[in-house]
Amino acid sequence: MRVALIGPPQSGKSTLFQAIAAGSGSGMDMSRPDQPHLATVKVPDERLYWLAEQFNPKKTTPAELAFLDLPGFDLTGDAGRQRAKIHWAAMRQSEMLVFVVRAFENDAVATYRDRVDPAADVEELLTEMLFADLEQVTNRIAKLEASLKKPVGNKDEIKREMELMARLVETLEDERPISDAIATEAEIKMTASFAFLSQKPVLIVVNCSEDALASDNPEEFAGRPCLYLSAQIEEEIAELPAEDRGEFLADLGLDSTAGDRLISACYQGVDLISFLTTGEDECRAWTIPAGTTAVDAAGEIHSDIARGFIRAETVAFDDYETAGDMKGAKAAGKVRLEGKAYVVQDGDIINYRFNV
Ligand SMILES: Nc1nc2c(ncn2[C@@H]2O[C@H](COP(=O)(O)OP(=O)(O)OP(=O)(O)O)[C@@H](O)[C@H]2O)c(=O)[nH]1
Ligand SMILES: [Mg+2]
């Protein structure tokens, strides 16, 4: 999965990005602020680390999440909007958008539109997403109209899509996101290839000053999930040796780094869960959308396992941890043999039985 960090100029995107990327130890060339940066980070998972201690495998593989840091969008004029537009494709190819908006005071950093107003910045970005989608929908309608005039093609199908596109225009002109207008399975299918921006989950990151951090912050901002953090402090934390981070965080009244909080908020935003596989060779965490069946989850590992699926030997991590090992979990009756249609739960430890 890929998450795109976007926002007005100088809101702290690259600072936050570096804090997240540094935590995973990847060196990064940040010398070109006008270029996108991409980093893959390992998803921290206490359950996986615990299992790795039990199995002592040759390899421990956490799930991964990619973060894309885009240049700031200056939407005050046409030139800036054109520059922002270059990045729409990369945003469409991301599963989630994180809006980084400025709430910190820092006289050394120029303000966008002469203000520090995170709510207004969020509104502006949301509106820009609507414009981007409207442009796509309008282009599509022109194409559909042209193909209606041609003698070939499935006219009924084209008309059905026209109706949907007309409804999307109404929605967007009403300043509502496309996610509001798409409900049925058929509509989801018809719009999937467009990857509309206003259909993507959004997380708001309010980049605050240090003193605003420990105060009681609401968990919603403009009706959307949000995180309050200080990108600058996070970068300082990321530079500390791992063993000193806990104490530093505690002094600030925090219990985890923003990177960790951001990753878990992204999992929630896109409705992702993890299941685990164990063995002498490898202990590994796998990412799947909530609601995935056992056979589809098997396909994540290898298509052979899905094809030759017999049973998924499954135990919830908590039950396994309580029992101490597989033998204990079996003795306690916690290990189930699930079929193809079983819906995998977050933290399931699965041992696939298959035959190819
Ligand atoms: N005081 C304070 N300054 C910050 C914070 N986050 C970022 N800054 C400063 O703001 C300036 C811009 O930070 P960047 O991380 O480069 O911002 P950006 O959003 O990547 O900027 P563009 O990519 O140019 O849009 C830098 O000088 C940072 O040191 C913060 O949390 N507090
Ligand atoms: Mg930047």
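Predicted model: local features only at pLDDT ≥ 70, side-chain atom pairs only at ≥ 80, totals over all residues.
**Entry: ligand 1**

I listed the 18 residues around ligand 1 and found that Gly12, Ser14, Thr15, Gly72 and Gln232 come nearest. I then asked which elements give two or more residues to this shell, and they are α1 (13-23) and α8 (231-239). The largest share comes from α1, with 3 residues.

**Entry: the sheet**

I traced an open sheet of 7 strands. I wrote down its order as β2-β4-β1-β5-β6-β8-β7, and the pairing is mixed. Which strands stand at the edges? They are β2 (37-42) and β7 (220-221); each has a single partner strand, so one side of each is left without a neighbour in the sheet.

I followed β5 to its partners. Strand β5 (residues 96-102) runs parallel to β6 (residues 202-207), and 6 bridges join the two. Within this pair I found Val100 opposite Val205, and Val101 has Val206 as its bridge partner. β5 also pairs with β1 in the parallel sense, over 4 bridges. There I found Val3 standing opposite Met96 of β5.

**Entry: burial of β5**

Are the residues of β5 buried or exposed? I counted 7 of 7 as buried. In a regular strand the side chains alternate between the two faces of the sheet, and I sorted the strand by face. Met96, Val98, Val100 and Arg102 lie on one side, while Leu97, Phe99 and Val101 lie on the other. Both faces are covered, and the residues on each are all buried.

I looked for a helix across this part of the sheet. Helix α5 (residues 118-149) lies across β1 (2-6), β5, β6 and β7. I noted its angle to β5 as about 145 degrees.

**Entry: the nonpolar core**

The largest nonpolar core has 80 residues. I picked out those with the most contacts inside it, which are Leu5, Val98, Phe99, Leu203, Ile204 and Val205. I took Ile204 as an example and left out residues up to four places away in sequence. Ile204 then touches Phe99, Val101, Val122, Phe221, Ala222, Arg224 and Cys226.

**Entry: Lys159**

I found Lys159 in helix α6 (residues 155-173). Lys159 counts as exposed because 12 other C-beta atoms lie within 10 Å, and the cut-off for exposed is 12 or fewer. I also checked Lys159 against Leu16: the two are 143 residues apart in sequence and 46 Å apart in space, C-alpha to C-alpha.

**Entry: positive phi**

Most residues other than glycine have a negative phi. I noted two residues with a positive value. Gln10 is not a glycine, yet its phi is about 65 degrees. I placed Gln10 in the loop between β1 and α1. Gln10 is partly exposed, with 17 other C-beta atoms within 10 Å.

Asp271 has a phi near 65 degrees, again positive in a residue other than glycine. Where is Asp271? I found Asp271 in the loop between α10 (258-270) and β9 (272-277). Asp271 is exposed, as 10 other C-beta atoms lie within 10 Å.

Notes:
Residues numbered from 1 in each chain as written. Chains lettered and ligands numbered in written order. Pairing = 2+ DSSP bridges. Contact = placed C-beta atoms within 7 Å. Axes fitted to C-alpha atoms, helices over the stretch in contact; angles between N-to-C directions. Near = placed C-beta within 6 Å. Core = buried A, V, L, I, M, F, W, Y, C linked by C-beta atoms within 7 Å. Buried ≥ 20, exposed ≤ 12 C-beta atoms within 10 Å, placed from the backbone.
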